[in-house]
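Let us walk through this structure together, one step at a time. Take a look at the sequence and the model first, and then read on.

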Amino acid sequence: MTDLIPTKDANHTGAATGTSAAQGGAKYNDKNEKYEAMFRSAEMSLVEMFIPYEIARAVAYKLGDLGLIQFRDLNTKIRAFQRHFVDDIKKLDNIERQYQYFLTLLDQYGIDLHDLHLDPAYDDQFNGSDGTLHFSSVPNAGDIDELANTANVLENKLVEMVDGLKNLKSQKNELEQNRAVLHKGDEFFSSLAAGSSGFDLSGADSNGGSSNFVTGCLPRDKIGVVEQILWRVLRGNLYFHSMEIEQPSYDSKTDSFVAKNFFIIYTHGEVIMNRVYKVIESLDGNIYPVPSVSLERSLNLQKINNQLTDLNILLENTKSLLIQELTLVSTTLNHSYETVVKEKQVYTVMNLWQYDAENSGTTLVAEGWVPTDEIEYLTNVLISGGSGNVSDDGRTFSSFSNDVTPGSSSSSGNTNTNANVNSSTSHNPQSNIIVNVISTNKTPPTFHRTNKFTQAFQDICDCYGTAQYREVNAGLPTIVTFPFMFAIMFGDMGHGFLMFLAALMLVLYEGKIGKMKRDEIFDMAFGGRYILLFMGLFSMYTGFLYNDCFSKSLTFFQSGWHWVTIGGSGDGNGNGALIVVGEQNENIYPFGLDYLWHGTETGLLFSNSYKMKLSILMGFIHMTYSYMFSLVNHLHFKSMIDIIGNFIPGLIFMQSIFGYLSVCIVYKWSIDWIKDKREAPGLLNMLINMFLSPGNIDAELYPNQSSVQIWLLLLALICVPSLLLIKPIHFKIMENKKNKLNHGMSLGNGESRDNEEGELLLGDEQQNVANVDNDDDDEENSHGNETFGDVMIHQVIHTIEFCLNCVSHTASYLRLWALSLAHAQLSEVLWTMTIDIGFKSQSVFMIFILFALWFVLTVAVLVVMEGTSAMLHSLRLHWVESMSKFFVGEGLPYLPFKFEIEDLA
Amino acid sequence: MASSFYTVVIVFLVVALINTIAWFLAPKKGGNTTVFRSTFILALSMMYLMWAITYLAQLHPLVVPRRSDLRPEFVE
């Protein structure tokens with residue numbers, strides 16, 4: 001607590017002398033210049049920092065709050081246990097273990113932890129009501145020692161108390177059992193005295209004074225066994241009697257209650273008696289003497305009762321003392337746990353830093369990735385420091401540690417001197433941090449800046465693979481395409497509305513729910529609340545287009561059809577039914593599917609064809625859209641050969657087959673086949689015939705169709721070899737050119753043989769240099785040298801995959817058709833099976849019951865279950881059908897060092 | 001009827017116009033410009049596509065609605 005004052009002083013002097021530091025402080029919240037980093041990941045730079053040893057911990061704390069830098073491990077050559085701060089981590093591990101022990105005790109005694117998140121002051125401290133970052137306090141080494149001491153003392157104390165409690169409990173059990181045995185024995189002997197049994201045992205007692213019977217208790221399930229064994233051991237020479245003890249007794253070994261029986265065994269002879277003792281003891285029996293004289297029995301009983309009362313008082317006292325102690329612990333446990341966890345994370349990170357031995361151990365070297373546009377901010381924060389906040393939070397920290405240990409102040413005295421040394425040796429240590437940007441050929445990590453809205457969508461894509469550094473982020477279009485593809489399968493205004501409402505609740509109360517403890521499934525729904533919101537909204541839109549609301553249609557606009565009677569038994573008086581067919585009006589139903597189709601015999605036929613074509617068209621457009629991102633990627637990475645050798649042939653191949661199919665679908669719709677009195681061609685057969693018998697047309701769609709199709713087919717066929725060969729050939733040419741260049745150089749020198757050797761040497765040397773640069777982490781290496789064979793194999797696989805995928809992926813989009821039909825049919829079936837019956841019965845009670853059934857099933861089956869299935873299908877369409885068109889996904893995720901504090905649990 | 005096909009084209013032009021306007025009206029501050037543009041334009045485009053496909057499918061359907069359970073009072 002006390003050392004914070006000199007630190008603050010040091011900062012003040014720093015601010016007075018170095019004006020640059022003060023200016024840096026003013027720039028803290030200037031974050032507007034940042035690149036959005038959603039379309040592409042943010043640019044990253046490798047930064048090297050030299051941090052004076054004495055402020056390294058403070059700096060690490062600040063970096064943990066900032067969460068901007070992903071440290072590289074500079075000590076890969078040092079074994080884990082040889083690292084510099086291993087001892088500190090071990091110490092903290094021990095404290096953590098002790099805290100876990102306290103937590104189990106708290107759980108055992110049902111004492112709730114003081115939850116930090118319910119404390120408004122806590123949230124202010126971390127999130128800052130004004131949105132600025134508050135730096136956490138840096139506990140000095142003494143504080144941590146104090147925590148360790150407190151935990152040690154507390155642990156010893158608690159262990160002692162718990163042991164004592166256990167001891168007392170087992171004593172109490174003994175006594176209680178003894179009492180129960182005495183009671184039963186009393187019962188037994190009094191029944192003997194009453195002479196209810198004709199068995200004479202009274203003489204037994206007078207035989208030499210020593211008793212020839214054993215009493216005690218046994219677990220109930222072992223009574224039979226004991227009796228059998230004794231029977232055999234004593235050859236039937238005994239009398240065994242047992243009675244049930246009503247109250248089960250506590251077994252401290254297994255921590256459970258066991259039903260027991262009282263027993264009394266009559267036999268004679270000391271040897272035999274000893275055998276009986278042994279048998280009973282080996283079978284978990286307890287032996288308690290019961291005097292046969294009734295006066296002695298009651299005296300014994302009284303003695304035991306007295307002991308029990310004393311014991312009970314002692315037990316209660318110990319317990320209340322323990323609970324008192326634990327309650328005290330519970331108020332501060334979370335807070336001190338947080339301190340310990342932070343400290344541990346700090347040391348774990350500091351273990352990644354290089355301890356610069358050359359500099360006589362006064363400097364630590366850290367290296368890590370920082371978003372390029374945040375380097376200035378980072379440097380400013382590090383050099384000027386957030387001193388004001390440190391002192392504020394330091395207060396809360398120190399007051400906390402006072403709570404735990406009111407007495408111990410010796411350690412804080414130590415740190416005081418420590419801090420004084422600090423401030424005297426280096427005037428303003430914080431300004432001694434040197435931050436350098438170093439150039440490297442290592443692959444930077446991929447960092448997309450997300451917010452609470454985009455996070456869930458980004459997670460969907462990151463689940464599949466982390467995007468390559470600076471490649472187009474699949475997460476951006478996913479924001480719309482994912483919920484929309486879902487909605488095509490889930491289209492129903494009512495179901496969409498239910499989903500929308502549920503998601504809206506999660507979104508509106510996200511502040512409150514965010515602080516709640518959530519179970520796994522609910523947490524998943526909460527995490528994806530914005531996805532759910534969009535899914536609900538788009539489902540309402542597609543439901544509107546399908547004209548489905550809980551399987552009923554709505555009549556918003558004037559229908560494009562009118563009925564024409566062609567038969568039936570209508571008598572004109574409103575009886576009977578008519579057979580009618582539709583005839584098209586002048587107008588087309590302007591928005592969505594005509595409600596007139598609902599309930600017709602041909603309705604399914606129509607919606608079937610409509611939804612199939614819809615899914616093919618949407619699928620084709622979705623794939624083409626995704627494929628365009630590969631062009632954007634190639635342009636960004638300036639790889640012309642990928643455009644010519646991969647993108648263009650692929651595009652032509654796809655367009656000349658499935659693009660043509662899509663155009664034909666739309667063209668076929670635009671022709672009035674019935675009016676023209678022509679046979680409408682089946683497009684599926686057309687496409688198949690285009691390959692199987694080129695030039696043959698069954699039914700003509702448009703003039704010159706056969707020649708167009710032949711040309712398209714040829715175009716597609718040409719694309720296959722160009723897809724296969726252009727890139728490898730280009731690679732070969734480039735390689736030859738490079739070799740020729742090298743060769744030419746060597747000829748120019750005139751010493752071809754020597755030079756070749758020299759070149760080899762040079763190559764080796766270069767390789768060595770590269771090795772030195774990269775030896776500590778192989779995964780981060782840039783790509784090694786590719787050979788022609790690699791390129792060729794890769795391209796062959798790519799070609800086969802692409803051509804096959806064009807077909808299979810288009811077919812895969814037919815799931816949109818299947819699922820949307822299934823969803824519509826299922827909701828219609830549910831309607832007719834439940835609520836429709838209710839309406840037909842015309843009884844209020846039936847309607848009431850069946851409505852409840854319908855609604856529950858709608859939510860459970862149609863919204864939750866069907867929704868989950870449609871979501872998984874949509875997920876697949878994104879991961880496989882869409883992302884395979886452009887996504888490389890071999891990037892490294894950006895994991896900056898940031899404090900992660902979870903409550904003890 | 002032929003004019004119906006042009007409805008799709010006209011709506012396309014309107015949607016394209018709205019999208020262009022949205023591109024320029026996207027909030028520049030707050031670091032969400034790209035997200036706004038992408039989300040708005042993509043959503044509107046997909047909604048347009050969905051509508052257009054539904055509309056086109058009903059231009060000249062090859063099947064006509066037919067039912068044999070209609071009570072006479074529903075025939076207009």
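Two strands count as paired if DSSP finds at least two bridges between them. Strands themselves (E, at least two residues) and helices (H or I, at least four residues) are DSSP runs, numbered from the N terminus. What you are looking at is a predicted model, in which local features need pLDDT of at least 70 and side-chain atom pairs count only at pLDDT 80 or more, while totals for chains, interfaces and linings use all residues. Residues are numbered from 1 along each chain as its sequence is written, chains are lettered from A and ligands numbered from 1 in the order in which they are written, and side-chain values use heavy atoms, with hydrogens and water left out.

S12(A) and S13(A) are joined in the antiparallel sense over seven bridges; among the paired residues, His562(A) has Glu583(A) in S13(A) as its bridge partner. On to the other chain: strand S13 (residues 578-584) of chain A pairs with S1(B) over three bridges, again in the antiparallel sense, and Val581(A) has Arg66(B) as its bridge partner in S1(B).

That brings us to the interface as a whole. Counting contact as heavy atoms within 4.5 Å, chain A contributes 68 residues and chain B contributes 41 residues. The size of an interface is often given as the accessible area lost when the parts come together. Here the two chains bury about 5,000 Å² between them, 71% of it on carbon and sulfur atoms; this buried area is the accessible area (1.4 Å probe) lost on being put together, summed over both parts.

Which residues form a salt bridge between Glu601(A) and chain B's side? Arg66(B) is the partner of Glu601(A), with the closest N and O atoms 3.4 Å apart. A salt bridge is a side-chain nitrogen of Lys or Arg within 4 Å of a carboxyl oxygen of Asp or Glu, and the rule finds one across this interface. On the side of chain B that touches chain A, helix H1 (2-25), helix H2 (33-57) and strand S1 (66-70) of chain B each give two or more residues. H2(B) gives the most, with 18 residues.

Now turn to a second sheet, within chain A. Four strands form this open sheet in the order S4-S7-S3-S8, with antiparallel pairing. The edge strands, S4 (239-244) and S8 (286-287) of chain A, each pair on one side only. Strand S3 (residues 213-219) of chain A and S8(A) pair over two bridges, and Gly216(A) stands opposite Ile287(A) in S8(A).

Finally, look for a link within chain A. The structure holds 24 salt bridges over all chains, and one of them joins the side chains of Arg57(A) and Glu343(A), at 3.0 Å from N to O. This pair links distant parts of the chain: Arg57(A) sits in helix H3 (residues 56-66) and Glu343(A) in helix H10 (residues 294-350) of chain A, 286 residues apart.
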